[in-house]
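Please look over the sequence and the model shown below before reading on.

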Amino acid sequence: MRCDDDVVVVGGGHNGLVASILLARAGLSVRLLERAEHVGGASVGKRVFPGLPARLSKYSYLVSLFPDALAAELGLSLELRSRAVSSYTPTVRDGRPTGLLVEREPGAATEASFAELTGSGEAWRAWTSFYDRVSAFGSALGPALLGPLRRRCELRAEVDPSTWDDLVERPLGEVLEREFADDLVRGVVATDGLIGTNASLHDSAANRCFAYHVIGNGTGEWRVPVGGMGALADALELAAVEAGVKVITSTPVSALHEHGDHVEVVTEAGASSARWALCAVAPSTVDELLGRAAEKPEGSQLKVNMLLERLPRLRSGVDPGVAFAGTLHLEEGYADLEQAYRLAQEGTVADPLPCEVYCHSLTDSSVLGELAERGYHTLTLFGLHAPARLFTVDGARERATDAAVAALQKHLAEPLEDCLAVDADGVPCLAAESPLDLERDLGMPGGHIFHGDLDWPWLSDDEPAETPAQRWGVEVSGASRVLLAGAGTRRGGGVSGLGGWHASQAVLEAQA
């Protein structure tokens with residue numbers, strides 16, 4: 001049968017764009033179908049607040065897992081900047097406001113901060129020892145994010161046995177309880193295992209999430225995209241058009257039917273055919289398109305975007321330009337995190353809500369436009385343990401937002417509302433998005449930012465790897481010409497482009 005296209009890509013988020021670009025450049029005819037009025041998915045930049053020029057990353061916000069090698073292959077004109085600070089965690093000890101500072105390259109100031117907080121050098125020595133091992137783990141596993149999937153036994157042989165045991169085999173919580181005596185220090189480490197993941201720290205899901213947060217580009221560094229996440233989406237869209245991809249928006253796909261050597265793709269406009277269908281959407285969405293039962297995942301986060309006329313002062317007295325330059329951890333002690341998880345399981349959002357905040361504009365003021373000259377700043381807050389099921393009742397998002405703001409306000413020396421800008425309608429510039437909002441706006445099932453639970457980035461020792469789809473981690477069970485190409489691929493979590501890259505390589509290998 002003669003097909004209308006070599007490849008149809010379903011979904012125009014960053015992964016779908018990556019797959020489209022690479023396959024079009026390889027000489028295949030590619031049609032990209034996107035349900036929304038624009039491409040970019042969760043990576044678009046928007047003027048969130050009416051009448052103000054600031055372009056914010058409404059959903060996604062930082063870049064870690066997008067490989068430098070892939071950006072170079074795509075030829076993207078995208079600048080990623082390092083943040084000046086890794087993190088600051090305000091707290092109260094013995095009735096006195098204080099905090100823990102971790103520099104991007106931890107040195108004397110970080111060591112002194114640990115000593116002041118904990119009263120000795122033991123916590124600092126434990127921290128450096130632990131992260132030396134984490135760094136070695138990331139260096140070994142980072143390269144495994146690119147290329148065909150490797151076997152678990154191969155990668156295990158390249159990692160120190162005790163480190164592998166601690167980060168893969170044992171519950172993360174058990175390891176943190178052993179390594180760190182201070183509850184706050186334990187919590188700062190633990191948060192990388194809980195972003196978008198509603199799990200106890202004694203659940204292996206926390207280990208997998210932690211791994212993805214420390215292996216990006218072999219370093220785990222989370223960098224700021226100049227121009228916001230929208231700059232990445234814009235660069236990819238331009239590259240797709242230049243490569244000859246037929247980009248069609250406002251066109252949801254309603255069904256996929258595989259027929260031997262081709263796939264029928266059904267939209268409201270009718271049916272077309274392609275030799276391959278690459279699905280840069282959640283695996284549960286693919287099941288629905290194939291007409292079979294689908295188990296919807298559940299996202300777990302609250303995202304709050306803010307625009308401020310100035311950064312607020314903190315009770316600890318630390319310079320706001322330092323506190324907000326990295327990740328500001330709020331109510332994220334180890335016990336706080338476990339309690340918030342238990343409350344979520346019981347049907348309640350913790351109040352105050354464990355969350356973290358970062359200020360894009362301290363590293364890249366271009367997102368502010370002319371507001372930069374007036375001292376304005378953005379703040380992005382990400383709340384943990386806020387599963388989608390808790391937002392199904394009236395007023396739930398507002399109550400969760402209040403709980404998140406309370407976590408921030410607790411450590412401020414002045415009312416947050418006094419610092420917030422107001423939009424053209426006189427409304428304070430604070431906008432919250434729950435998992436249900438992501439599902440509504442982006443078609444992301446359950447609002448799950450990873451499209452489902454993260455999996456380890458390797459093949460088990462007895463897992464089949466007979467087909468290109470299996471070798472690249474993009475297989476759809478029961479299909480041969482329908483492939484995954486989004487965050488739900490084996491190594492696709494986060495803003496990485498890896499789902500699209502691996503799907504394109506599977507197609508090219510199959511055609512070779």
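Does C355 count as buried or exposed? C355 has 0% relative accessibility and therefore counts as buried, where buried means under 20% relative accessible area, exposed over 50%, and partly exposed in between, with a 1.4 Å probe and protein chains only. The model is a predicted one, in which local features need pLDDT of at least 70 and side-chain atom pairs count only at pLDDT 80 or more, while totals for chains, interfaces and linings use all residues. Residues are numbered from 1 along each chain as its sequence is written, and side-chain values use heavy atoms, with hydrogens and water left out.

The structure holds 0 disulfides, a disulfide being a pair of cysteine sulfur atoms within 2.5 Å. C209 is in no disulfide, and its nearest cysteine sulfur, that of C355, is 16 Å away. C355 is likewise in no disulfide, with the sulfur of C359 as its nearest at 15 Å. C209 is buried too, at a relative accessible area of 0%.

The next element is helix α10, residues 229-243; helices (H or I, at least four residues) and strands (E, at least two) are DSSP runs, numbered from the N terminus. The 15 residues of α10 should span 21 Å at 1.5 Å a residue, and the end C-alpha atoms are 22 Å apart, which agrees; the expected span is 1.5 Å times one less than the number of residues. Among the buried residues of α10 are M229, L232, L236 and A240, and what covers the buried residues of this helix includes α1 (14-25), α2 (68-74) and β8 (224-225). Just after α10, G244 takes a positive phi of about 95°.

A cavity is a set of points, on a 1 Å grid over the protein atoms alone, where a 1.4 Å probe fits but cannot get out, and lining residues have an atom within 4 Å of a point; points are joined across faces, edges and corners, and a volume is the space filled by probe spheres set on them. The largest cavity has a volume of about 90 Å³, and its lining includes R55, Y61, N305, Y358 and H360. The elements that give two or more residues to this lining are β4 and β16 (377-387).

The second largest cavity has a volume of about 40 Å³, and R315, S316, K410 and H411 are among its lining residues. Here β6 (85-93) and β7 (96-103) are the elements that give two or more residues, and β6 gives the most, with 3 residues.

Terms used
Contact = heavy atoms within 4.5 Å. 1 Å grid on protein atoms, 1.4 Å probe; cavity = no way out; pocket = protein on both sides within 12 Å on 5 of 7 lines; lining within 4 Å.
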